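Open the model in your viewer and keep the selection tool ready. The tour goes from the whole chain to a loop residue and then to a pocket.

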Amino acid sequence: MSADASELDGLAKSFRAIPALMVPKLKGVVAKSALNTKKIMQADVRKSAHFRGKKKPGLDASIDYTLKVHEFGGDGVIEAEIGPNPDRNPAAGLAGIAYFGTSKPGGGTVRNPEDAMLEEAPNFYEFAFKATEGLL
């Protein structure tokens, strides 16, 4: 008994191509989400009397993001790193105190960066879904 599996082979080939097709579609979504998260984090710092910039740039001026795309044999991973960057502004060294505090009063007055990410997450999911619609 024999069977024609050429359509199944074609379907499997299409499924294997999906990850490579998603990377260019999602790169812009990840970049926009990273920018939005950066802006939320900067706004959170500006609410703190101790860490916003007054006469000179504060911790908010050090917050930025980098976007990286890693290729793995046709598949890809898109990564965004968001947070205080000491190369951008030395005030980034205060981030640990701003977010987590010390034994003295005045620290830990800025919302955890994870909260900014969670605030942006619904937008990310919505636009990621729209960007990849129709790939299957």
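Accessible areas here come from the Shrake-Rupley method with a 1.4 Å probe. On that basis, the accessible surface of the protein chain is about 9,200 Å². Carbon and sulfur atoms hold 58% of that surface. Keep in mind that this is a predicted model.

**Whole chain.** Colour by secondary structure. Starting at the N terminus, the order reads α-α-β-β-α-α. The protein chain has 136 residues, and 29% of them count as buried. Now turn to the contacts between residues at least 6 apart in sequence: 59% of these join residues at least 24 apart.

**Asn89.** Select Asn89 next. Look for it in the loop between strand 2 (75-84) and helix 3 (95-100). Is Asn89 buried or exposed? Its relative accessibility is 9%, so Asn89 counts as buried, the cut-off being under 20%. Now show its contacts, leaving out residues up to four places away in sequence: Asn89 touches Pro57, Gly58, Ala61 and Ser62.

**Largest pocket.** Move on to Ser33, Thr37, Ala80, Ile82 and Met117. These lie nearest the centre of the largest pocket, among 14 lining residues. The space inside is about 360 Å³. Which elements each supply at least two residues of the lining? Select helix 1 (6-46), strand 2 and helix 4 (113-132). Helix 4 gives the largest share, seven residues. Finish by colouring the lining by class: 10 residues are nonpolar, two polar and two charged.

Technical notes. Residues are numbered from 1 along each chain as its sequence is written. This is a predicted model: local features need pLDDT of at least 70, side-chain atom pairs count only at pLDDT 80 or more; totals for chains, interfaces and linings use all residues. Side-chain values use heavy atoms; hydrogens and water are left out. Helices (H or I, at least four residues) and strands (E, at least two) are DSSP runs, numbered from the N terminus. Buried means under 20% relative accessible area, exposed over 50%, partly exposed in between (1.4 Å probe, protein chains only). Contact means heavy atoms within 4.5 Å. On a 1 Å grid over the protein atoms alone, a cavity is a set of points where a 1.4 Å probe fits but cannot get out, and a pocket is an open set with protein on both sides within 12 Å along at least five of seven lines; lining residues have an atom within 4 Å of a point. Grid points are joined across faces, edges and corners, and a volume is the space filled by probe spheres set on the points. Ala, Val, Leu, Ile, Met, Phe, Trp, Tyr, Cys and Pro count as nonpolar, Asp, Glu, Lys and Arg as charged, and the others, Gly among them, as polar.
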